Amino acid sequence: MSDIAIIGAGLGGLTAALALQRQGWRVRVYEQAPVLGEVGAGLSLSPGAGRGLASLGVGPALLDASLPVPDIAFVHYRTGERLAGALSPDKAPDRGFDTARHIHRADLHAILLAAVRTQDSDAVQTGKRLERVEQGASHVVAHFADGEASEAELLIGADGARSAVRRAVFDDTPPAFAGQIAYRCLIPFEQAAPHLGGVGAMVSIGAGRIFNRYLIRRGALLNVIGIVQSDVWPEEGWNTPATVAEFARAFEGFHQSVLGLIGCAPTGHLIKWGLFVRPPIATWRAGRVALLGDAAHPILPFLGLGGALAIEDGIVLARALTEVGGFEPAFAAFERARLDRVETVRIQSIRQGEIVQAGDPDRAGVGGSPSQNTTLFDYDPCTAPLAVHG
Ligand SMILES: Cc1cc2nc3c(=O)[nH]c(=O)nc-3n(C[C@H](O)[C@H](O)[C@H](O)COP(=O)(O)OP(=O)(O)OC[C@H]3O[C@@H](n4cnc5c(N)ncnc54)[C@H](O)[C@@H]3O)c2cc1C
């Protein structure tokens, strides 16, 4: 029997596993996928999440695999004219984790996985799709689709926005389509360069549509995300292959630099995601089970902070279980430490989406005020207060 079973080897699950291992806990991570990996897309890592991960010993690897986020210009969708922010050359001064960083999701995932396996080579088990959770007085049992079961003292649901743990223990309301579709792909730099005008990172904003681009992998790849409002999500799953023609149709009327990039989207590697949300739930803990990351609080991606929240959760939860005596007070301290932070980011992400997809792209305030951004992006999970009593 392990001390702690973690369901889901995504960013939140692996961060929690590593943070707990480093405090001496025996952890098992159960991942449904037969092969571990991440989608082919970029991720922006907030300074606070970066510092949190650095405290777990992966700082040098992360710095090596990522690029500092430069000042980013918001431009008019049709004219390409700058509306807010700054047009920066691709190489921003590198101030480590004092700034946000852009990274390939697969690279971040691989760094975390290697660190967890270095602590314990058997820590992560694949092909384990959780179906059911059974709680006893002194333990909890995870039942998997392959018919096997595993016991642990505690169980953490880090299984993403469609969490089976959440469904089994907390709330079986299905996620709701948020009225937004995201198109995502990676374009080799050589193909993208003629459309960039020497500026890698930029956000084009128009009514109901936003097109975001930035460089990853030492500038070898351009990450592209286009998000459009839509009444319906007609597909079966959350992410499905998309065609260049439908991507271009969705961004009709945008500046030629955007349409030129869409034309470079690699066939077969262009995906579209329906964005789904769920209303907040009152608690993320029930007996010996707790939720973290998207399983507890999926948010819209307009501030690029969902992954950061999952990372922060993992670190604060490990601190709580280590510093606070008894699992119930520890889970309570974790929840108390995180609820306000998560709710602030959730609301600000909705607001940011409203601003950047507003009917009038000339309106000011894109990106929020600098003081808001400092609070939102600099939250440090290593030093955030952890009150034992509410
Ligand atoms: C378009 C878009 C862009 C985004 N950009 C950013 C960004 O730039 N920066 C940022 O910080 N965030 C971003 N996010 C948000 C971020 O991707 C998520 O918030 C983050 O991945 C959540 O991590 P997680 O570990 O909670 O869940 P996930 O990453 O979803 O991991 C969950 C894991 O659990 C596994 N799992 C699921 N069900 C089961 C089961 N029944 N049994 C076992 N395993 C299971 C899954 O296979 C998966 O490996 C973006 C999101 C979207 C949609």
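Before I start, I note one definition. A crossing is left-handed if the near helix is turned anticlockwise from the far one by less than a right angle, and right-handed if clockwise. I also note that this is a predicted model.

**Entry: α2 and α3**

I looked up helix α2, residues 47–65, and helix α3, residues 105–119. They pack at an angle of about 135°, and their axes are 10 Å apart. Angles over 145 degrees count as roughly antiparallel. The two helices are therefore oblique to each other. Which hand does the crossing of α2 and α3 have? I found it right-handed.

Next I listed the residues that make this contact. From α2 come Leu 53, Val 58, Ala 61, Leu 62 and Ala 65. From α3 come Asp 107, Leu 108, Ile 111, Leu 112 and Ala 115. I sorted the residues of the contact of α2 with α3 by class: 9 are nonpolar, none is polar and 1 is charged.

**Entry: α1 and α2**

I then turned to helix α1, residues 11–21. It packs with α2 at an angle of about 70°, with the axes 10 Å apart. That makes α1 roughly perpendicular to α2. The crossing of α1 and α2 is left-handed.

In this contact, α1 supplies Thr 15, Leu 18 and Ala 19. Helix α2 supplies Leu 53, Leu 56 and Val 58.

**Entry: α8 and α9**

My next pair was helix α8, residues 306–323, and helix α9, residues 327–356. Their axes come within 8 Å and cross at roughly 155°. The helices α8 and α9 are therefore roughly antiparallel to each other. I noted a right-handed crossing where α8 passes α9.

On the α8 side I listed Leu 309, Glu 312, Asp 313, Val 316, Leu 317, Ala 320 and Leu 321. On the α9 side they meet Phe 327, Ala 330, Phe 331, Phe 334, Ala 337, Arg 338, Arg 341, Val 342 and Val 345. How many residues of each class are in the contact of α8 with α9? I have 12 nonpolar, no polar and 4 charged.

**Entry: the ligand**

I moved on to the ligand.

A polar backbone atom of Gly 12 is 2.8 Å from an oxygen atom of the ligand. For Asp 294, a polar backbone atom is 2.9 Å from a ligand oxygen atom. For Gln 32, a polar backbone atom is 3.1 Å from a nitrogen atom of the ligand.

**Entry: Gln 32**

I followed up on Gln 32. Where is Gln 32 found? I placed Gln 32 in the loop between β2 (27–30) and β3 (42–45). Leaving aside neighbours within four places in sequence, Gln 32 is in contact with Gly 127, Lys 128 and Arg 129. I also looked up Leu 62, which is 30 residues from Gln 32 along the chain. Their C-alpha atoms are separated by 26 Å.

Technical notes
Residues numbered from 1 in each chain as written. Predicted model: local features only at pLDDT ≥ 70, side-chain atom pairs only at ≥ 80, totals over all residues. Heavy atoms only, no water. Axes fitted to C-alpha atoms, helices over the stretch in contact; angles between N-to-C directions. Helix = DSSP H or I, 4+ residues; strand = E, 2+ residues; numbered from the N terminus. Parallel < 35°, antiparallel > 145°, perpendicular 65-115°, else oblique. Contact = heavy atoms within 4.5 Å. Nonpolar A, V, L, I, M, F, W, Y, C, P; charged D, E, K, R; others polar. Polar contact = N/O pair within 3.5 Å; in protein donor to acceptor, adjacent residues only side chain to side chain.
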